[in-house]
Amino acid sequence: MQIKLKFSNGKSKVFHVKKDSTIEDLLKEIGVNIETVIVKMNGKIVPEVEKLEDNCTLELIEFVSSG
Amino acid sequence: MITCYKCGNRAVIYRKYEGRAWCKKHFSEQLESKVKKTIRDEKLIEKNDKICVALSGGKDSSLTLYLLHKFFGKRPDIEIFALTVDEGISGYRKESIKIAEKLCKKLGVEHHVVSFKEEFGKTLDEIVEKKKARACTYCGVLRRYLLNKKSREFGATKLAVGHNLDDEIQSIFINYLKGDINRLIRLGAKPAIISKKEFVVRIKPLRNIPEKETTLYCLLNGIQVHRSVCPYSHDSVRFDVRNFLNQMEEKYPGTKYNVIKFYDTLKPALVKHFKDKGGKVRICPRCGEPTSRDICKTCELLDSIKD
Ligand SMILES: [Zn+2]
Ligand SMILES: [Zn+2]
């Protein structure tokens, strides 16, 4: 399956994953801790345990500690 | 599709440590009841309180104001206003003040802005010109001082800050790592400060909500927040502790709640033991901050920038 990943800085990158992979699997592969992001799949906020959809666009919303 | 444990609608979050997923509505309701519970259990807000919310425009302080206004905005005996500190950080603070102003306008909450420049004669940029690495220390100390002073002048009985669960357990670890029991025993949703008129009681309504969930609530409920990183932020002990705790939580879900529950259980015993041993929480006579010396770091720092 092919996934398009959009980062907070506006850049994006295409990844290829196995069928039935979850968002969490992909995040692990690219070294992003699930405690530090909220994920949108095709524009909707979803839990990381959700399965990736083929040709979907993932958006990572990172958050910063605010003083 | 992952669905809500309660209603079967599309889920927005799955909490590993409880093994359940929740939709927007039920997640939001739960977060609100958790915050209400903290406020009730710890008696954070009482009749006739005038609450000053320390509002930076970031997610946690914005959420604190939003929720306190939602819970208490209609109570005739409780007043709420917001206070923003303009440290004078070019390219950063202006934008967040705009966002803070917007939120206050939307909620109909009185908003005050006070600045380092007016109070200390210098902006943070000017103060740390030759010592950039210490910016966070200076900034934190001075902001805290100013928030207390100004909220008191505006007549506040409580000063609400946006500290979330992650902030709190990071502080627990940092004090542990530094061996600073004096500060360790003064954490909590409503740190017991010496009852002196000069000090406004600080309260942390979001203290039991993980950072990820404060962010999610803001996103889901249309609370616009400032998202830039402060130009002075850098790798620090807190940064390392934050990474460590996030790694532990990912690997062992529930870690964060365990840390805070453990701390809360241990704290009364710690405080008692500390006192029994003759240990005193030494307080700076000028400002009330805990200190191991005669005059605390804050006051020293304030003296040093006067020159
Ligand atoms: Zn639901
Ligand atoms: Zn002092």
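Close-up 1. Strands here are DSSP runs of E with at least two residues, helices are DSSP runs of H or I with at least four residues, and both are numbered from the N terminus. Strand E1 (residues 2-6) of chain A pairs with strand E2 (residues 12-16) of chain A in the antiparallel sense, over five bridges, where pairing requires that DSSP finds at least two bridges between the strands. Within this pair, Ile3(A) has Phe15(A) as its bridge partner, while Lys6(A) has Ser12(A). The hairpin of E1(A) and E2(A) has five residues between the strands, and in it Gly10(A) adopts a positive phi near 95°. E1(A) is also joined by three bridges to strand E5 (residues 57-62) of chain A, the two running parallel, and here Leu5(A) has Leu58(A) as its bridge partner.

Residues are numbered from 1 along each chain as its sequence is written, and chains are lettered from A and ligands numbered from 1 in the order in which they are written. Because this is a predicted model, local features need pLDDT of at least 70 and side-chain atom pairs count only at pLDDT 80 or more, whereas totals for chains, interfaces and linings use all residues; side-chain values use heavy atoms, with hydrogens and water left out.

**Close-up 2. The surroundings of Lys13(A).** Lys13(A) belongs to strand E2 of chain A. When residues up to four places away in sequence are not counted, Lys13(A) touches Ile3(A), Lys4(A), Leu5(A) and Phe7(A), contact being taken as heavy atoms within 4.5 Å. Leu58(A) is 45 residues from Lys13(A) in sequence, and the C-alpha to C-alpha separation of the two is 9.9 Å.

**Close-up 3. The zinc site of chain B.** The zinc ion (ligand 1) is coordinated at 2.0 to 2.3 Å by the SG atoms of Cys4(B), Cys7(B) and Cys23(B) and by ND1 of His26(B); donors are N, O and S atoms within 2.8 Å of the metal (3.2 Å for Na, K and Ca), and since water is not among the atoms, sites may look incomplete. The arrangement is tetrahedral because the four donor atoms subtend angles of 101 to 114°, the rule for four donors being that all angles lie between 85 and 135 degrees. Along the sequence, the donor residues follow the spacing C-x2-C-x15-C-x2-H. Both Cys23(B) and His26(B) are buried, where buried means under 20% relative accessible area, exposed over 50%, and partly exposed in between (1.4 Å probe, protein chains only).

**Close-up 4. The interface of chain B and chain A.** Here 29 residues of chain B are in contact with 22 residues of chain A. The area buried between the two chains is about 2300 Å², with carbon and sulfur atoms giving 55% of it; this buried area is the accessible area (1.4 Å probe) that two parts lose on being put together, summed over both. On the chain B side, Lys212(B), Arg227(B) and Glu250(B) lose the most area to chain A, together 27% of what that side buries. Three salt bridges are found across the interface, a salt bridge being a side-chain nitrogen of Lys or Arg within 4 Å of a carboxyl oxygen of Asp or Glu. The side chains of Lys16(B) and Glu24(A) also form a salt bridge, at 2.3 Å from N to O.

**Close-up 5. Salt bridges within the chains.** Over all chains, the count of salt bridges comes to 28. In chain A, the side chains of Asp20(A) and Lys51(A) meet in one at 3.9 Å, N to O. This pair links distant parts of the chain, 31 residues apart, with Asp20(A) in the loop between E2 and helix H1 (23-29) and Lys51(A) in the loop between strand E4 (44-46) and E5. In chain B, Glu32(B) forms a salt bridge with Lys70(B), the closest N and O atoms being 3.0 Å apart. Glu32(B) lies in helix H1 of chain B and Lys70(B) in helix H2 (residues 59-72) of chain B, so this pair ties together parts that are 38 residues apart in sequence. Glu32(B) is buried, at a relative accessible area of 13%, whereas Lys70(B) is partly exposed, at 45%.

Methods. Tetrahedral: all angles 85-135°; square planar, octahedral: opposite > 155°, others 65-115°.
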